Each structure stands twice: as C-alpha cells, then as structure tokens.
Amino acid sequence: MDNLKKHIQENKHLFDEHRADKQKIWQNIESNLDTSRIIPLWRHPLLKIAASILILIGTYSVFSFFATSEFNQNQQNNIVHQELRDIDTYYKDLVSFQVQLIHRNPKLQPEDKKKFLSFMDELDEEYDVLKLEMAKNLNNEYILEAIVNNYKKRIELIENLLKQINTSKKLNTDEDYIL
C-alpha cells in the first residue's frame with residue numbers, strides 16, 4: 001500500500017491532467033433519453049385532485065387538533081373551577097353557620113365578639129387575596145391548599161371559642177363536672 005500511495009503522490013500532476021467535462025456528459029445522457037414518453041405529473045388532473053384532497057385533509061387535521069386541545073384545556077379549567085366552587089361553598093356555609101352561632105351566643109361580651117369577628121374579617125381578606133391568585137393560575141395546588149387551610153383555620157378558631165364558651169357554661173351550671 002505504501003508503494004501505491006507513493007506512486008500517486010509522485011504522479012499527482014498526471015491525474016489532474018484529465019478532467020471530466022460535465023456539460024459534455026449531460027448532453028450525451030440527454031441525447032440517449034426518449035423525451036416522447038415524459039409525462040409531467042403536475043399537469044395530470046388526477047394528481048391535482050389528489051393534492052387538493054391532501055391539502056384539505058391536512059388543514060382539517062391541524063384545525064381539529066388545535067380545537068380539541070383548546071376544548072380539553074377548557075374542560076380541565078372547568079373541572080378546577082367546579083372543585084374550587086364546591087370547596088368554597090362547603091367551607092363558606094360551615095363558617096357562616098358557626099359565625100352565626102358566635103353572633104347569637106349570649107355568653108360572649110360584645111367587645112369579645114367584635115375582636116373575634118374582626119380577626120375573622122382579616123382571614124376573609126387573606127382568602128380574597130388567595131382567590132385572586134387562584135384566578136391567575138388555576139392549576140396551582142399550593143394556592144388551593146392555602147385556601148382550604150384558611151377555611152380550616154377559621155373553623156378551628158370558631159370551634160375553639162365555642163368549646164371554651166360551652167366549657168365555662170358547664171362549670172357554672174353544674175359543679176359535678178369539675179374534677
């Protein structure tokens with residue numbers, strides 16, 4: 001192999017001497033072709049119809065893909081909205097019922113009621129901020145969890161207050177409960 005390589009390098013100028021004439025080669029190929037049998041396919045009417053049908057099918061497929069994906073996205077958002085409405089309704093009803101119990105409780109002083117209800121109003125404002133955040137990003141589970149925790153905190157506070165009121169009521173009315 002080394003001899004072949006050496007021979008090529010020594011006689012390199014002889015190889016460059018004969019170059020192929022591309023123009024002459026193509027003319028020779030074209031002269032041997034039978035041009036009477038060439039049928040341009042783009043001029044054939046069936047091919048035009050088939051291409052039109054493919055274009056229509058492609059356009060319809062792209063359109064239906066985007067329409068379906070938007071529909072699925074809207075459907076997912078509707079599910080999230082429905083979950084949020086269900087959670088919101090459940091906890092709002094529970095909190096409002098317990099707030100009414102606080103309002104109607106004769107054992108609480110008006111100042112205590114006012115302080116407690118103002119604290120509940122602060123939690124309501126926090127809830128409103130969370131709800132605005134949720135409207136911006138429906139799929140954020142942390143915001144949904146924070147909303148539920150806000151409601152749970154309100155309910156727990158109300159239940160603790162009512163327990164304290166009921167415990168003091170039992171101690172005052174019946175001394176058998178004292179250990």
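**Group meeting: a walk through an all-helix model**

Let's start with Leu130, which counts as buried because its relative accessibility is 15%; buried means under 20% relative accessible area, exposed over 50%, and partly exposed in between, with a 1.4 Å probe and protein chains only. This is a predicted model, where local features need pLDDT of at least 70, side-chain atom pairs count only at pLDDT 80 or more, and totals for chains, interfaces and linings use all residues. Residues are numbered from 1 along each chain as its sequence is written, and side-chain values use heavy atoms, leaving out hydrogens and water.

Back to Leu130: you'll find it in helix α5. Helices here are DSSP runs of H or I with at least four residues, strands are E runs of at least two, and both are numbered from the N terminus. Leu130 and Ile147 sit 17 residues apart in sequence, yet 6.4 Å apart in space, C-alpha to C-alpha.

Ile147 also brings us to the core. A nonpolar core is a set of buried Ala, Val, Leu, Ile, Met, Phe, Trp, Tyr and Cys residues joined through side-chain atoms within 4.5 Å. The largest one has 22 residues, and Val95, Ile102, Phe116, Met120, Ile147 and Ile158 touch the most other members. Helices α4 (45-104), α5 (110-136) and α6 (141-173) each supply at least two residues of this core, with α6 giving the most, 9 residues.

Zooming out, the protein chain has 6 helices and 0 strands. Of its 179 residues, 17% are buried.

Now the other end. Asn11 lies in the loop between α1 and α2, and at 19% relative accessibility it counts as buried. Its side chain makes a polar contact of 2.8 Å with the side chain of His7. By polar contact I mean a pair of N or O atoms within 3.5 Å; within protein, one must be able to donate a hydrogen and the other to accept it, and residues adjacent in sequence count only if both atoms are side-chain atoms.

On to Trp26, in helix α3 (residues 22-32). Is Trp26 buried or exposed? Exposed, because its relative accessibility is 56%.

Last, confidence. The mean pLDDT (the predictor's confidence in each residue, from 0 to 100) is 76 for the protein chain, with 80% of residues reaching 70 or more. Confidence is lowest in helix α2 (residues 12-17), at a mean of 74, and highest in helix α1 (residues 2-10), at 86.
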